Amino acid sequence: MRQTHDCRFGHHATYLAAKIDRLDLLEKLFGSVYIPQGVFDELTSNSAYSDEAARIGSCHFIQVKQTDRNSVSQFQDRTGLDLSESEAIVLTNELHAELTLIDERNARSIAKQLGLTIMSTVGILGLSVRKGFLTTDDIRHYIKIFKENNRHIDELLFKNLLESV
C-alpha cells in the first residue's frame with residue numbers, strides 16, 4: 001500500500017530530485033507528495049529555479065497545500081526555523097502525514113522532538129538503491145551534480161550512504 005507523505009522544498013529534497021530530473025523517485029517511494037504553498041511560491045518566484053519549478057509543477061503526484069499562516073508564524077517564533085521548514089512541519093501535523101522530507105539539521109532535530117518521522121535527501125537516495133530504483137553509480141553521479149550546483153550535503157553522509165548500500 002502506498003503511503004501519503006509531506007515533502008518540503010527548501011533547498012534540498014524536492015529541489016534536488018528535480019535538479020537530477022528524478023522526481024519519479026518521490027512518486028515511486030511515497031505516492032502522493034505534498035508541498036506547502038509558501039514553499040512552492042518560493043520556488044516558482046525565483047528565476048534561478050525555473051527548470052526545477054516547471055518539473056515540479058508538471059508532476060501529478062505533487063500537490064501544493066495551503067498551511068495555516070498563524071500556526072506557521074507561531075511555530076517560527078517558537079523554533080526560529082525559516083518559513084519553508086516551519087511550513088513543512090506544520091503541514092505534516094495538519095495532514096497527519098507519516099513522513100516529512102527535511103534536510104536542514106536544526107529542522108530535523110525539532111521535527112524529531114515533535115515525534116515526526118523524517119527523511120533526508122540522503123535517505124531518499126539510500127532507499128531508492130535498496131528498492132532497486134538507483135545504483136551506487138547513479139548515487140555517485142548525483143553527488144557530483146549536487147556539488148556542481150553548490151548543494152551542500154555533508155560529505156560524511158554521502159560516504160556513509162555509499163558504504164551502506
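Helix 8 (residues 121-130) packs against helix 9 (residues 136-148) at an angle of about 160°, with the two axes 11 Å apart. Helix 8 is therefore roughly antiparallel to helix 9, a term for angles over 145 degrees, whereas those under 35 count as roughly parallel, 65 to 115 as roughly perpendicular and the rest as oblique. The axes are lines fitted to C-alpha atoms over the stretch in contact, and angles run from 0 to 180 degrees between N-to-C directions. The model is predicted, with local features needing pLDDT of at least 70 and side-chain atom pairs pLDDT 80 or more, while totals for chains, interfaces and linings use all residues. Residues are numbered from 1 along each chain as its sequence is written, and side-chain values use heavy atoms, without hydrogens and water.

Helices (H or I, at least four residues) are DSSP runs numbered from the N terminus. Helix 8 passes helix 9 in a right-handed crossing, meaning that the near helix is turned clockwise from the far one by less than a right angle. Thr121, Leu125 and Val129 of helix 8 make the contact with Ile139, Tyr142 and Phe146 of helix 9, where contact means heavy atoms within 4.5 Å. Of these residues, five are nonpolar, one is polar and none is charged. Here Ala, Val, Leu, Ile, Met, Phe, Trp, Tyr, Cys and Pro count as nonpolar, Asp, Glu, Lys and Arg as charged, and the others, Gly among them, as polar.

A second pair is formed by helix 5 (residues 69-79) and helix 6 (residues 83-95).

| Pair | Angle | Axis distance |
|---|---|---|
| Helix 8 and helix 9 | about 160° | 11 Å |
| Helix 5 and helix 6 | about 120° | 9 Å |

Because of its angle, helix 5 is oblique to helix 6. Their crossing is right-handed. The contact includes Val72 and Phe75 of helix 5, and Ile89 and Val90 of helix 6. By class, the contact of helix 5 with helix 6 has five nonpolar, four polar and two charged residues.

Helix 8 is mostly covered, with eight of its ten residues buried (under 20% relative accessible area with a 1.4 Å probe, protein chains only). Among the buried residues are Ile124, Leu127 and Ser128. Thr121 counts as buried because its relative accessibility is 4%. The side chain of Thr121 also makes a polar contact with the side chain of Asp103 at 2.5 Å; such a contact is a pair of N or O atoms within 3.5 Å, and within protein one must be able to donate a hydrogen and the other to accept it. After helix 8 comes Gly132, with a positive phi near 85°.

Methods:
Helix = DSSP H or I, 4+ residues; strand = E, 2+ residues; numbered from the N terminus. Buried < 20%, exposed > 50% of the residue type's maximum accessible area, 1.4 Å probe, protein only.
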